[in-house]
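These are my notebook entries on a structure that I opened for the first time. I set down what I looked up, one topic at a time.

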Amino acid sequence: VVDSSLWILDFNLDRVGSITMLEGPFKGQIFWCMTYSVENKSATERNAYISITAESDRRKRYADIYLGDVERAVERKVGRPLWGKTDVNAARKDLDPTDAAYHYNEFKPGEKRDCVAIFGELDPSANNIKITVRGLSNDYHLVETEDGDREIEERVYEIFFHRPGDEYAINLDRFIQ
């Protein structure tokens, strides 16, 4: 039996890679990023709070962050506009931050967005990366553990990558899924 109140947005990974900034305040720095798409294949509008984080085998943690210059450089590199933190901030500029819907993005029926996540500077010694995507579904449950604590159980999408190479010329290294 399928619960009709549950929904899932489709997620498609395009690419994980690095970008070297050639100009601006981050000139010479190497950032890593992920391009992907999110699609609402349903006939109903969905409001989702999508959160993307990552962790390296060196226990360094990353989150999709707002770096407009880097986001624009990625858009130039791929040759098309991408939905990222710059767009999220622009969409929220007139909203009240205390509103419960402030952090949610609206996905219209049938809408597909090409997106980008910027993770900051990559740890040069990282070889294995785990990326976690949350918010693609409203399927979550409050679960009571054996010791009486309560936890939220949710659906997450995890992607694992290996980056062979060393700490030199990391902008030339590839991420292998």
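The entries below go from the whole chain to single residues and pairs.

**Entry 1. The chain as a whole**

I note at the outset that this is a predicted model. I looked up the secondary structure and found 2 helices and 11 strands in the protein chain. I then read the elements along the sequence, and their pattern is β-β-β-β-β-α-α-β-β-β-β-β-β. The chain has 177 residues, of which 37% count as buried. I also looked up the contacts between residues with a separation of 6 or more: 68% of them join residues 24 or more positions apart. The accessible surface comes to about 10900 Å², and carbon and sulfur atoms hold 48% of that area.

**Entry 2. Helix H1**

I asked which residues of H1 are buried. They are Gly68, Val70, Glu71, Ala73, Val74 and Glu75. I recalled that an α-helix has 3.6 residues a turn, so residues three or four places apart point the same way. Next I looked for what covers these buried residues, and the cover includes strand E1 (10-20), strand E2 (30-39), helix H2 (85-92) and strand E7 (112-121). Just after H1, I found Gly79 with a positive phi of about 80°.

I located Ile65 in the loop between strand E5 (61-63) and helix H1 (68-78). Is Ile65 buried, partly exposed or exposed? Its relative accessibility is 32%, so Ile65 counts as partly exposed. Leaving out residues up to four places away in sequence, I listed its contacts as Lys85, Ile118, Phe119 and Gly120.

**Entry 3. Arg59, a positive phi**

I looked up the backbone of Arg59 and found a phi near 65°, a positive value in a residue other than glycine. For comparison, most residues other than glycine have a negative phi. Arg59 sits in the loop between strand E4 (51-56) and E5. I recorded Arg59 as exposed because its relative accessibility is 64%, and the cut-off for that class is over 50%.

I searched the surface for patches and noted a nonpolar one formed by Tyr140, Leu142 and Ile152, with about 390 Å² of accessible area together. Leu142 lies in strand E9 (residues 140-144), and Ile152 lies in strand E10. Leu142 is exposed at a relative accessible area of 57%, and Ile152 is exposed at 64%. Apart from neighbours within four places in sequence, Leu142 is in contact with Arg150, Glu151 and Ile152.

I also noted a patch of negative charge on the surface, where Glu144, Glu146, Asp147, Asp149, Glu151 and Glu153 gather. Of these I looked up Glu153, which is in strand E10 (residues 150-154). Glu153 is partly exposed, with a relative accessible area of 47%. The C-alpha atoms of Leu142 and Glu153 are separated by 6.2 Å, although the two are 11 residues apart along the chain.

**Entry 4. Salt bridges**

How many salt bridges are there? I recorded a count of 12. Side chains of opposite charge can pair when their charged atoms come close.

Arg80 is partly exposed at 31% relative accessibility, and Asp114 is partly exposed with a relative accessible area of 31%.

Lys130 and Glu158 meet through their side chains in a salt bridge of 3.7 Å, N to O. Lys130 is in strand E8 (residues 128-134) and Glu158 in strand E11 (residues 156-162), so the pair ties together parts 28 residues apart in sequence.

Glu154 and Arg134 form a salt bridge at 2.8 Å, N to O. Glu154 belongs to strand E10 and Arg134 to strand E8, so this pair ties together parts 20 residues apart in sequence.

How values were computed:
Residues are numbered from 1 along each chain as its sequence is written. This is a predicted model: local features need pLDDT of at least 70, side-chain atom pairs count only at pLDDT 80 or more; totals for chains, interfaces and linings use all residues. Side-chain values use heavy atoms; hydrogens and water are left out. Helices (H or I, at least four residues) and strands (E, at least two) are DSSP runs, numbered from the N terminus. Buried means under 20% relative accessible area, exposed over 50%, partly exposed in between (1.4 Å probe, protein chains only). Contact means heavy atoms within 4.5 Å. Accessible areas come from the Shrake-Rupley method with a 1.4 Å probe; for residues, only the protein chains shown count as cover. Patches are made of residues with over 30% relative accessible area and no salt bridge: like charges are joined within 9 Å, nonpolar side chains (Val, Leu, Ile, Met, Phe, Trp, Tyr) within 5 Å. A salt bridge is a side-chain nitrogen of Lys or Arg within 4 Å of a carboxyl oxygen of Asp or Glu. Lys and Arg count as positive and Asp and Glu as negative; His and the chain ends are not counted. The place of a charge is taken as NZ of Lys, CZ of Arg, CG of Asp or CD of Glu.
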